[in-house]
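Please read it alongside the sequence and the coordinates.

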Amino acid sequence: PQPPYSRAWGCGVTTCIVAVSFEKNFVSASDTRLSFGSRFAVDDVIKAEPFHGEWIAMIGGNDVSQAVMVIEKASRILRGKGNDFPTVVNGFKQAYREHYEETVADEFLIPYQMTLREFKRSGRKLLNPEVHADISIRMRHYDMGCSFLVYGYDQKKQPHIFEVRSPGKVSFHDKPGFWAIGAGASSALGMLALLGQAREVTRLPATIYNVFAAKFVSETASDVGPKTFFMIQEYGSIGFSVVGRRLEDEMRELWDKVGRPRVPDGVADLIAGVDISFWPRKRK
């Protein structure tokens with residue numbers, strides 16, 4: 001049996017999506033499932049955490065046990081600092097990298113009673129060459145297992161989106177003004193692009209539908225839960241979907257009836273009328 005700690009169980013969350021509308025509102029959605037390996041899952045887990053001023057971090061990955069520590073560390077680092085975009089990015093990146101180094105040391109260096117800094121400075125001298133090489137290779141390929149989709153407003157009320165992933169790498173998504181992380185991210189991003197989501201032109205009602213559609217199509221990915229945590233944010237306030245599950249249910253009904261991509265009528269007849277020839281493969 002697997003030991004009862006989260007990394008061994010693969011304690012994971014799946015899809016997180018955010019987009020900016022023309023009115024500079026954020027619209028975000030995520031499933032609410034937290035999975036444990038391939039056998040267990042719980043629902044109704046919120047994957048968005050505010051951490052500094054107008055900024056929120058959404059959590060994705062296959063080992064989210066580290067996520068809360070990173071967010072709390074980012075909150076401490078940024079406490080008393082400004083709300084400008086570079087400061088927030090650097091603060092969150094610092095929090096991720098610091099915690100990454102701590103988890104690397106816990107994972108590989110506890111038997112040798114060394115910190116990561118000590119390993120880099122003196123490990124080659126203190127350890128057997130084969131042991132040092134083995135640890136170095138495993139550390140180089142180590143992934144902390146969680147990523148963050150961070151969004152919010154700077155001091156000029158301008159919206160920004162960025163992602164932080166192992167080992168603290170940052171990517172920016174102000175253009176196109178939407179992004180997704182998690183197992184269903186590719187499907188979600190494809191749907192947002194297909195629907196023409198763009199912060200320069202897409203109004204709030206259309207953005208709301210587009211984000212729901214992206215969430216629904218992402219459910220084809222493994223372990224993405226059917227329930228949706230949905231949120232709208234404008235500068236200075238957050239609006240939740242507080243009307244029970246009515247909005248999600250109505251959006252899903254609309255998606256199932258007319259939104260979900262379908263094979264057009266007549267395609268089978270069209271293909272049936274095409275002369276398809278098969279050529280034998282030459283054998284060597």
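Arg76 is placed in helix H2, which covers residues 67-78. The model is a predicted one, and in it Arg76 has a relative accessible area of 44%, so that this residue is classed as partly exposed, the class between the limits of 20% and 50%. Phe51 lies 25 residues from Arg76 along the chain, and the C-alpha atoms of the two are separated by 8.9 Å.

Gly145, by contrast in setting, belongs to the loop between H5 and strand S8 (146-153). Its relative accessibility is 9%, and Gly145 therefore counts as buried, the limit being under 20%. Between Gly145 and Gln66 there are 79 residues of sequence separation, while the C-alpha to C-alpha distance is 8.3 Å.

## Salt bridges

In total, the structure holds nine salt bridges. One of them joins the side chains of Lys175 and Glu200, with an N to O distance of 2.4 Å. This pair links distant parts of the chain, 25 residues apart: Lys175 sits in the loop between strand S10 (169-172) and strand S11 (178-181), whereas Glu200 sits in the loop between helix H6 (185-194) and helix H7 (204-218). Lys175 counts as exposed, at 63% relative accessibility, and Glu200 counts as partly exposed, at 40%.

A further salt bridge is formed by the side chains of Lys215 and Glu219, at 2.5 Å from N to O. Lys215 has a relative accessible area of 0%, and this residue is buried because the class takes in values under 20%. Arg252 and Glu248 also form a salt bridge, their closest N and O atoms being 3.4 Å apart. Both Arg252 and Glu248 lie in helix H8 (residues 246-259), where four residues, about one turn of the helix, separate them. Glu248 is likewise classed as buried, with a relative accessibility of 4%. Through salt bridges that share partners, Lys215, Glu219, Glu248 and Arg252 are joined into one network.

## A nonpolar surface patch

On the surface, a nonpolar patch is formed by Leu270, Ile271, Val274, Ile276 and Phe278, which together have about 590 Å² of accessible area. Leu270, one of these residues, is found in helix H9 (residues 267-272).

## The largest pocket

Which parts of the chain supply the lining of the largest pocket? Helix H3 (85-108), helix H4 (116-126) and helix H5 (129-140) each contribute at least two residues to the lining, and the largest share, four residues, comes from H3. The volume of this pocket is about 260 Å³.

The lining consists of Arg97, Tyr100, Glu101, Val104, Leu116, Phe119, Lys120, Ser136, Met139, Arg140 and Pro167. Sorted by class, these lining residues comprise six nonpolar, one polar and four charged.

Terms used
Residues are numbered from 1 along each chain as its sequence is written. This is a predicted model: local features need pLDDT of at least 70, side-chain atom pairs count only at pLDDT 80 or more; totals for chains, interfaces and linings use all residues. Side-chain values use heavy atoms; hydrogens and water are left out. On a 1 Å grid over the protein atoms alone, a cavity is a set of points where a 1.4 Å probe fits but cannot get out, and a pocket is an open set with protein on both sides within 12 Å along at least five of seven lines; lining residues have an atom within 4 Å of a point. Grid points are joined across faces, edges and corners, and a volume is the space filled by probe spheres set on the points. Ala, Val, Leu, Ile, Met, Phe, Trp, Tyr, Cys and Pro count as nonpolar, Asp, Glu, Lys and Arg as charged, and the others, Gly among them, as polar. Patches are made of residues with over 30% relative accessible area and no salt bridge: like charges are joined within 9 Å, nonpolar side chains (Val, Leu, Ile, Met, Phe, Trp, Tyr) within 5 Å. Accessible areas come from the Shrake-Rupley method with a 1.4 Å probe; for residues, only the protein chains shown count as cover. A salt bridge is a side-chain nitrogen of Lys or Arg within 4 Å of a carboxyl oxygen of Asp or Glu. Buried means under 20% relative accessible area, exposed over 50%, partly exposed in between (1.4 Å probe, protein chains only).
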